Amino acid sequence: MTDFTMKTDADGVATITWDVAGKSMNVMSTAGFQLLSELVDKALADAAVKGIVITSAKKDFAGGMDLNVIAQMRAGGAQAIFDGVMAMHGVLRKIELAGMDPKTRKGGKPIAAALPGTALGIGLELPLSCHRIFAADNPKARIGLPEIMVGIFPGAGGTTRLTRKMGAMMAAPFLLEGKLSDPKAAKSAGLIDEVVAPEDLLSAAKAWVLAAKDADLVKPWDDKGYRMPGGAPYHPAGFMTFLGANAMVLGKTQGVYPAAKALLAAVYEGALVPFDAALRIEARHFTSVLMNPSSEAMIRSLFINKEALDKGANRPDVPDQTVKKLGVLGAGMMGAGIAHVAALAGIEVVLIDSTQEAADRGRAHSEAILDKGIARKKVTPEKKAEVLARITATTDYAALKGVDLIVEAVFEDPRVKAEVTKKAEAAAGAEMIYATNTSTLPISSLAAASARPEQFIGIHFFSPVDKMMLVEIIKGKATGPRAVAKALDFVRQIRKTPIVVNDARFFYANRCIIPYINEGIRMVAEGVEPALVENAAKLVGMPLGPLQLVDETSIDLGVKIAKATKAAMGADYPDGAVDDVLFWMADQGRIGRKSNAGFYAYSDKGERLEIWDGLAAKYPADKVQPSLADVQHRLLFAQVLEAVRALEDGVLTDIREGDVGAILGWGFAPWSGGPFSWLDMLGAGRAVDLCRGLTAQYGPRFHTPALLREMAEKGETFYGRFGAEKKAA
Ligand code: NAD
């Protein structure tokens, strides 16, 4: 174990250097923590050591806790978690008190943290226990406590220390939103103390250590008469902060994220007691969050499995397929977005449309996004020029010479798509991989227009392309491994998360989301209060209710999809009741946000107002309304049963992709970790019971899939049955 090493120089400053072997980023393990503790003990006991600097040999300080540690702690149950967390508090508190006399607060050894780059999670909680934090002036560094993003909260003293250092109000964005800052912003917020030139980092920290006085080592909260900045809960100003924070958290999370509530409780209760008692309170709430299945599922999907997919977990074993030059056909909403994200990632792009004006409009879309970035100081004018210079907007297919990947995003019309496929294949080299961004047409049938169907694949983006992080890669019947590898390497280049699915109607994401929207609309037709439908969705953690969602994606698109689906399915088509509402809305000219009129009313400026009152005139609400849980079950089962069927049908081949794809693709209740994680939490037996009830009351669309029934009989979970071997693969 060499995660930490220590060296003492002639001036008596011991430098403890963090450098986890074989990893590009330091992460804290249990053994690492133990070693750090021993080195600190040694330095504090050594008369030759005057002070300590804790730093990293890597370009960054640390990425956080090794999540396996959290998994191990969880396996031991609540007491093991609590004991483990209290042991961490012990080490960090030892650093903070630094051997000083408990009464006089004198005689401690100064300890400074020197951060060369990124410092996240425990990578900031450790520095927060030190007496002074130095960071190198490295604009790429990210400093903060992102734990809340994966369903936990800073549980190694970060919550308690940051609140006491900054006050609850100022600490809120860092704790509750996981806000990350570069070193300069972190300093002005009060997260860290000094920003120095990278080459001066260690010398500045050492100089501070050598010059520090006893008083410099005493944290405000260990001093007599400490008052929390901004006021503790029973101070008038503090009262306002906590009242506001409570409402804000509940408004944002709808109460479904246990971590946000527990964090707030830890801050509130901790503020009323002395520091060491506050750490114990933090540890108890942290334990309860770790014991909550939601945090386990969120960490698994949003961190571990997302990272595995980002790294190409299901990539075929084919040599590197990094894209050097990309062709984009169709410079409309999607094509322009795809060209933009590719150019941003450093890829040369040829953007083709049927007229020069349309092609130029596509390039201007990228320019508009970059201009917004400049206004927000996120993009420099040089960067804008660089990105735009990579996009050639043209009507000339000959410009496709030398592209190694083409993404087609022309009209959703098989004839138009076939025509451009042929033209593009004639212009580009034989090695080129050809991808279509179709949202509804089967890849295998579009591939019929190609001379090289093994090089033909679906790369399905979500709108808006620059914001949505999921990309669905679809294998047609003839798609070969190099096409899959190319698509995955491209998605990695543009830093999005891929899932790889097989070809079937609506692939994976749309297959699940359409039944969600339809269930919401069906309820309106039945006389369920639209507000109940929308709020039930939000209260179970869906970012948008089904009616708002169809307003956003547009009702005329819904009509188009419904017509095409009906034509394909014939007598089996199950959604007539939905179409009545949808078609009537379209007939009223209410086609969603883009027409400023949909299920919701909108102001002239396009702000969404309340549910449109004309809806109640046509579809009056019943006197007796269903229970909230009933509405929620309908909305959730409409989605998750489709996900299970996609797995049964072999459209999905990896439940990790099913879960990560659902959260990133359509915002499926992130607290749950995704549809499969949610079913695991519920238990297959209970899921089958609920399906039975829903089927009896609402119809065969809620029939229990055979796989789920079998799992209930055997007492299996999805991650128990499908998770392990996939993770090992
Ligand atoms: P769009 O109408 O905004 O853009 C299509 C563009 O293709 C237009 O600029 C048009 O001029 C151009 N075009 C048409 N025929 C052409 C030809 N023969 N040669 C060159 N250019 C031609 O449509 P969009 O919303 O960007 O959708 C494009 C594709 O992406 C469709 O297949 C759609 O199903 C799919 N898609 C759309 C979304 C979405 O939310 N809009 C999401 C995922 C996938």
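Modeller: The following account begins with the core and then turns to a pair of strands and a helix. This is a predicted model, in which local features need pLDDT of at least 70 and side-chain atom pairs count only at pLDDT 80 or more, while totals for chains, interfaces and linings use all residues. Residues are numbered from 1 along each chain as its sequence is written, and side-chain values use heavy atoms, without hydrogens and water.

A nonpolar core is a set of buried Ala, Val, Leu, Ile, Met, Phe, Trp, Tyr and Cys residues joined through side-chain atoms within 4.5 Å; buried means under 20% relative accessible area, exposed over 50% and partly exposed in between, with a 1.4 Å probe and protein chains only. The largest such core has 97 residues, and those touching the most other members are Leu400, Tyr508, Phe599, Phe637, Phe676 and Phe718. Helix H26 (residues 628-648) supplies the largest share, ten residues; helices (H or I, at least four residues) and strands (E, at least two) are DSSP runs numbered from the N terminus. Leu400 is in contact (heavy atoms within 4.5 Å) with residues beyond four places in sequence, including Val350, Ile352 and Ala424.

Strand E19 (residues 497-502) is largely enclosed by the rest of the structure, because five of its six residues are buried. Strand E18 (residues 470-475) runs parallel to E19, and six bridges join them; strands pair if DSSP finds at least two bridges between them.

In helix H20 (residues 509-526), 16 of the 18 residues are buried. Just after H20, Gly527 takes a positive phi of about 105°.
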